[in-house]
Amino acid sequence: MLALFAVCGHCEPSAMGGLDVLDRAPRTHLGAMPLQVSGQGIAQRMTAMRSDLVVTDYPSYADLLGYVHGSAAVIGLQMLPVLGTVVPREEAEPHAAALGIAFQLTNFLRDVGEDLDRGRVYLPADLLAAHGVDRELLRRCREAGRQDRHVRSALREFEALTRRVYMEAQPGLAMLDPVSRPCIRTPYTLYGNILDAVARDGHAALHRRAVVPRRRRATVAAGGLVRVVAARLRHRGRPRPVHTPPRSTAPAAPAASEEVM
């Protein structure tokens, strides 16, 4: 993360002197910009992490969204003051939250087999049931190494759902500070490539992890670095846009009964 700040031009070289800057971050500056970290967002993050100790599945997508708000959406929201925006921050917030969720859903799809080994199923039970799939079928297929058309169909639908969330996030890229955009567009592209890899592998994520080829990762990362350097040169000496929202806290997590799509 510190490397990202430095490359994007929002971190003074002196801030790279030691990892203790992470401990000071909520009450110091990176460059000339205060890190505005929402206390409510941190609390929501910790609540989501604690739930992993006791919650092992989610009945519906709405229930899953309640979890990923704390595990992923709030991270997108808290990154906005760091990355900067060219629009009022509240305008960019829904897209930032959607991007965090899209990354998390991608992980759930890619890691469905490994999560099952740990006793967790993050794919919503109602989505699975619509394809005739439940935890027991997932377990049997995983243990036998057997493909199942019902499981593949369920994973295909979850992939499509995740792509729709990426579409919700995409407009937010243009709302970021120009110097920051390549830093976020790069993972946006690479995480999308994970979905491509899952599809290319026949939605067999229950049995093996889909991997983006190393050459592709290197190409995307190198292109992102070139764009960051070009943006820094283009905007050198320009005051960084700062859009401070009202003193309201981060958006609350969606209720379990609330449909968000």
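Among contacts in the protein chain between residues at least 6 apart in sequence, what percentage join residues at least 24 apart? The share is 75%, where a contact means heavy atoms within 4.5 Å. The structure is a predicted model, in which local features need pLDDT of at least 70 and side-chain atom pairs count only at pLDDT 80 or more, whereas totals for chains, interfaces and linings use all residues. Residues are numbered from 1 along each chain as its sequence is written, and side-chain values use heavy atoms, with hydrogens and water left out.

The secondary structure of the protein chain comprises 11 helices and 2 strands, these being DSSP runs numbered from the N terminus, with helices (H or I) of at least four residues and strands (E) of at least two. Read from the N terminus, the order of the elements is α-α-β-β-α-α-α-α-α-α-α-α-α. Of the 261 residues in the protein chain, 46% are buried; buried means under 20% relative accessible area, exposed means over 50%, and partly exposed lies in between, as computed with a 1.4 Å probe on protein chains only.

In soluble globular proteins, nonpolar side chains tend to be buried together. The largest nonpolar core of this model holds 54 residues, and those with the most contacts inside it are L64, L105 and F108; such a core is a set of buried Ala, Val, Leu, Ile, Met, Phe, Trp, Tyr and Cys residues joined through side-chain atoms within 4.5 Å. Two or more residues are given to this core by each of α4, α5, α6 (112-117), α7, α8, α9 and α10, and the largest share, 11 residues, comes from α5.

Helix α5 has 22 residues and reaches 31 Å from its first C-alpha to its last, close to the 32 Å expected at 1.5 Å a residue, the expected span being 1.5 Å times one less than the number of residues. Because 19 of its 22 residues are buried, α5 is largely enclosed by the rest of the structure. Within α5 lies Q104, which counts as buried because its relative accessible area is 14%; apart from residues up to four places away in sequence, Q104 touches V68, S71 and A72. F108, when neighbours within four places in sequence are set aside, is in contact with L64, Y67, V68, D115, Y122, L123 and F158.

Helix α9 (residues 149-169) has 21 residues that should span 30 Å at 1.5 Å a residue, and its end C-alpha atoms are 30 Å apart, which agrees. The buried residues of α9 are V151, A154, L155, F158, E159, L161, T162, V165, Y166 and A169. Seen down the helix axis, these buried residues fall within an arc of 165°, so they line one face of α9, the arc being that of the directions from the helix axis to the C-beta atoms. They pack against α4 (61-83), α5 (89-110), α7 (125-129), α8 (135-144) and α10 (181-200), while the face turned away from the buried side carries the exposed residues R149 and M167. At the start of α9, a side-chain oxygen of D148 comes within 2.8 Å of the backbone nitrogen of H150.

The loop between α8 and α9 contains Q147, which is partly exposed, with a relative accessible area of 35%. The C-alpha atoms of Q147 and L206 are separated by 8.6 Å, although the two residues are 59 apart along the chain. With residues up to four places away in sequence not counted, Q147 touches R152, A204, H207 and R208.

In the whole structure, 8 aromatic pairs are found, a pair being two rings of Phe, Tyr or Trp (its six-membered ring) with centres within 6.5 Å, counted as stacked if the planes are under 30 degrees apart, edge-to-face if over 60, and tilted otherwise. The rings of Y166 and Y188 have centres 5.6 Å apart and planes at 75°, so this pair is edge-to-face. Since Y166 lies in helix α9 and Y188 in helix α10, the pair ties together parts that are 22 residues apart in sequence; both Y166 and Y188 are buried. One aromatic cluster is formed by Y58, Y67, F108 and Y122.

Helix α10 also holds I194, which counts as buried at 9% relative accessibility. The C-alpha atoms of I194 and T106 are separated by 7.3 Å, the residues being 88 apart along the chain. Neighbours within four places in sequence aside, I194 is in contact with T106, R110 and V212.

Conventions: A polar contact is a pair of N or O atoms within 3.5 Å; within protein, one must be able to donate a hydrogen and the other to accept it, and residues adjacent in sequence count only if both atoms are side-chain atoms.
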